[in-house]
Every structure is written in C-alpha cells, then in structure tokens.
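Take a look at the structure first, and then we will walk through its core, a helix and the ligand's surroundings.

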Amino acid sequence: MEKGPPSPLPPLPMIEIPSDPSRLVTDLIDNPQYGKHLGWIMAQRSASALRSHNNPTIMLVGLSGAGKSTTINRLFDSEICKIGSSSSTTKNVTEHFVEIPSLRSGISNLRLSVIDTPGFHDTNGIYSDAVHAVCMQEFIKFPGLSTWNYDIPT
Ligand SMILES: Nc1nc2c(ncn2[C@@H]2O[C@H](COP(=O)(O)OP(=O)(O)OP(=O)(O)O)[C@@H](O)[C@H]2O)c(=O)[nH]1
Ligand SMILES: [Mg+2]
C-alpha cells in the first residue's frame, strides 16, 4: 500500500517564557506540560548557562567581505544589515533584535538577537581587529549594548 503525505504536526501549545529565571521552575511545577515544550527546555538550558532564557543570540564572525551581513539578511528575508560592494562595510558590532512570529515558535515572547560584526583582516590592520574582538566579547557578556529593532513581517 502506498504511503500518503505525512499528516501535519499538531499545533504547538503557546507558552510565554517568564522574565524571572526562578519562575521557570515554579511554572513547571504548576504546569508539567511545559516540560515537553521545546521552547521551555531551551529556556531552562539557557538559564542554567546563565544566559537570557527568552533571548537566544546568533553572532556572525568572519573575514571582511565574507558575506556575514548578506547571510543575516538572507536568513531573515529582510534588509536588516547594510551590505557593501567594498570591504569593511560593517563598521561597528551591532545587535539587531528580531521578533519571531509566535505561531512559528509556539512562544509568545521570544526575541532573537542577531549580532553583525565588522570583518577581520581588512586594511585597517591588526589593531582594529583586536578592538572589534574585545567589542564582540562585551556584546556577548552584556546583551543590548547597541540595538536596532526589527520586526520580521508575519
Ligand atoms: N557571489 C556571492 N556574493 C556574495 C555572497 N554573499 C555576499 N556576497 C557579496 O559579497 C559582498 C560583501 O557582502 P557583505 O555581506 O557586505 O560582507 P560582510 O562579511 O558583511 O562584509 P564586512 O561587513 O565588510 O565585513 C556583497 O557585494 C555581497 O553581495 C555569496 O554567497 N555569493
Ligand atoms: Mg558586514
């Protein structure tokens, strides 16, 4: 007998991730169903790694002109970053907050950070590379240093 197309997955139950990490435990006790939700599992892992639990972060790092900013724009199908035809287009480490449509993630308050960085090995020299590397570390330690909000169209 021929197999038909796979039936669509049941819709995810919608959850809201609490802003207070300690509530991750108490909410789970109140509602054990949360323990099966991928978003909840990821939030707990992030909290145990002392990272923000509803603000996952992607940072693009690479050589100047490698296509970092283009990759971000392609990933989100939006003009989030400036792209250049010359090298060294991205001048500063910049964190962009992207609101993820809740129907896709099953989480009502998930905010993704995408950090675009200036490319290494450009004509500004090794000192400039070192400054950018330190700046990237600061962005990882302290989210939200410099922000530009962008909403993905649903
Ligand atoms: N052919 C081709 N060109 C690409 C690709 N990705 C990016 N480019 C082009 O490469 C150039 C540099 O792209 P960017 O995304 O600005 O590169 P970047 O790594 O952000 O550069 P910096 O910010 O200067 O470090 C642009 O002209 C892009 O159109 C790719 O996959 N293929
Ligand atoms: Mg760039």
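## The nonpolar cores

A nonpolar core is a set of buried Ala, Val, Leu, Ile, Met, Phe, Trp, Tyr and Cys residues joined through C-beta atoms within 7 Å. A residue is buried if 20 or more other C-beta atoms lie within 10 Å of its own, exposed if 12 or fewer, and partly exposed in between, with C-beta atoms placed from the backbone. The largest such core has 6 residues: Ile15, Ile17, Trp40, Ala43, Ile107 and Leu110. A second, separate core of 5 residues includes Ile72, Val93, Val114 and Ile115. In soluble globular proteins, nonpolar side chains tend to be buried together.

This is a predicted model, in which local features need pLDDT of at least 70, side-chain atom pairs count only at pLDDT 80 or more, and totals for chains, interfaces and linings use all residues. Residues are numbered from 1 along each chain as its sequence is written, while chains are lettered from A and ligands numbered from 1 in the order in which they are written.

## Leu110 up close

Leu110 sits in the loop between α4 (102-105) and β3 (111-116); helices (H or I, at least four residues) and strands (E, at least two) are DSSP runs numbered from the N terminus. Leu110 counts as buried because it has 22 C-beta neighbours inside 10 Å. Beyond its neighbours within four places in sequence, Leu110 is in contact (C-beta atoms, placed from the backbone, within 7 Å) with Gly39, Asn54, Ile100 and Ser105.

Which residues of helix α2 (residues 38-48) are buried? They are Gly39, Trp40 and Ala43. These residues lie on the same side of α2 because they cover an arc of only 95° around the axis, taking the arc from the directions from the helix axis to the C-beta atoms. Covering the buried residues of α2 are elements that include α1 (23-30) and α4. On the face turned away from the buried side, α2 carries the exposed residues Leu38, Ile41, Arg45 and Ser48.

## Around the ligand

Ligand 1 has 17 residues around it, and Gly67, Ser69, Thr70, Thr90 and Gly119 come nearest; a residue is near if its C-beta atom, placed from the backbone, lies within 6 Å of the molecule. The shell holds 3 nonpolar, 13 polar and 1 charged residues. Here Ala, Val, Leu, Ile, Met, Phe, Trp, Tyr, Cys and Pro count as nonpolar, Asp, Glu, Lys and Arg as charged, and the others, Gly among them, as polar.

Methods. Contact = placed C-beta atoms within 7 Å.
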